[in-house]
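Please read these points with the model open beside you. They start with a group of side-chain contacts, move to the ligand, and end with single residues worth a look.

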Amino acid sequence: VTGPSDPGPAPILREQVAPSDRTKLFKLIQDCGAFYPHEMAYGMGLFDEHLLRGENSSHQFMLYEQDGSLIAYGCFGPLPLTDRRYHLYWLVVGSGASSKGIGKALESAIAKRVRTQGGVRLYAETSNRATHEGARQFYEHCGYRLDTVTPDYYGDGHDKVVYVKDL
Ligand SMILES: CC(C)(COP(=O)(O)OP(=O)(O)OC[C@H]1O[C@@H](n2cnc3c(N)ncnc32)[C@H](O)[C@@H]1OP(=O)(O)O)[C@@H](O)C(=O)NCCC(=O)NCCS
């Protein structure tokens, strides 16, 4: 018997991506409403690079699926020219699944993965845009601290905001 508090099937975290994930991933990015078209294109470019180059890609993916549906995903990888520093390039939770702890669970799984690869520090980049206020709060709630603010980095009045977490 299932009730209203039934959590449903256990989520699956998957690191191997397939061409059939592409449309689902794009829909997730599009539906969350947080990104401009050129940002969505950039995010898809990371996916395509990873799909093409596999283990030789400088970007890794972690897909969060439940009951066969893609609910959330993250993209991360080692920062070139650094000693064990990693970047969390992208983290998206589907609009219908937000505020349920899924983003935090995925971030935690990515941080754990980075640690097993020897990473000691994880950077996350966002901006001062109003639509990213939730993301800034999210990173703070996941144990990140504000690292730097670069004024007008993306454009006039559009600052780059970087958070960092020691692993
Ligand atoms: C930001 C995002 C990843 C959060 O995912 P989520 O699954 O809704 O977050 P969770 O439910 O796991 O919340 C984790 C913590 O962050 C806090 N948090 C999350 N979103 C928040 C918001 N909009 N405002 C305030 N706090 C927020 C929660 O209160 C929670 O805190 P707690 O653990 O202390 O209780 C999701 O809203 C999203 O995909 N947004 C659009 C894309 C984006 O901006 N991505 C990040 C930049 S690339």
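1. A polar contact here is a pair of N or O atoms within 3.5 Å; within protein, one must be able to donate a hydrogen and the other to accept it, and residues adjacent in sequence count only if both atoms are side-chain atoms. By that rule, the side chains of Thr126 and His132 are joined by a polar contact of 3.4 Å.

2. On provenance: this is a predicted model, in which local features need pLDDT of at least 70, side-chain atom pairs count only at pLDDT 80 or more, and totals for chains, interfaces and linings use all residues. Residues are numbered from 1 along each chain as its sequence is written, and side-chain values use heavy atoms, with hydrogens and water left out.

3. Back to His132. Its place is the loop between β5 and α4. Helices (H or I, at least four residues) and strands (E, at least two) are DSSP runs, numbered from the N terminus. His132 is buried because its relative accessible area is 9%. The cut-offs are these: buried is under 20% relative accessible area, exposed is over 50%, and partly exposed is in between (1.4 Å probe, protein chains only). In sequence, His132 and Ala34 are 98 residues apart; in space, their C-alpha atoms are 6.9 Å apart.

4. Which strand holds Thr126? Thr126 belongs to β5, residues 121-127. Its relative accessibility is 6%, so Thr126 counts as buried. Ser127 is also placed in strand β5. At 2% relative accessibility, Ser127 is buried. The Ser127 side chain makes a polar contact of 3.3 Å with the side chain of His132. A polar contact also links the side chains of Ser127 and His158, at 3.3 Å.

5. Now the ligand. How many residues surround the ligand? The count is 19, and the closest are Leu91, Val93, Ser99, Lys104 and His141. The criterion for being near is a heavy atom of the residue within 4 Å of the molecule. By class, the shell has ten nonpolar, seven polar and two charged residues. For these classes, Ala, Val, Leu, Ile, Met, Phe, Trp, Tyr, Cys and Pro count as nonpolar, Asp, Glu, Lys and Arg as charged, and the others, Gly among them, as polar.

6. A polar backbone atom of Leu91 is 2.8 Å from a nitrogen atom of the ligand. For Lys100, a backbone N or O atom lies 3.3 Å from a ligand oxygen atom. For Lys104, an N or O atom in the side chain is 2.5 Å from an oxygen atom of the ligand. Taken alone, the ligand exposes 920 Å², of which the protein buries 73%. Accessible areas come from the Shrake-Rupley method with a 1.4 Å probe; for residues, only the protein chains shown count as cover.

7. The largest pocket is the space taken by the ligand. Two or more residues of the shell come from each of β4 (85-93), α3 (102-116) and α4 (133-141). Which element gives the most to this shell? That is α4, with six residues. A pocket is found on a 1 Å grid over the protein atoms alone, as an open set of points with protein on both sides within 12 Å along at least five of seven lines. A molecule sits in a pocket if more than half of its atoms lie within 2 Å of its grid points.

8. His141 is in helix α4. Is His141 buried or exposed? His141 is exposed, because its relative accessible area is 58%. His141 and Leu106 are 35 residues apart in sequence, with 13 Å between their C-alpha atoms.

9. Please look at two backbone angles. Leu81 has phi near 65°, a positive value in a residue other than glycine. Leu81 sits in the loop between β3 (69-78) and β4. Its relative accessibility is 91%, so Leu81 counts as exposed. Asp152 has phi near 60°, also positive in a residue other than glycine. Asp152 is in strand β6, residues 145-155. With a relative accessible area of 43%, Asp152 is partly exposed.

10. Leu146 is another residue of strand β6. Its relative accessible area is 46%, so Leu146 is partly exposed. Leu146 and Ala124 are 22 residues apart in sequence and 9.6 Å apart in space, C-alpha to C-alpha.

How values were computed:
1 Å grid on protein atoms, 1.4 Å probe; cavity = no way out; pocket = protein on both sides within 12 Å on 5 of 7 lines; lining within 4 Å.
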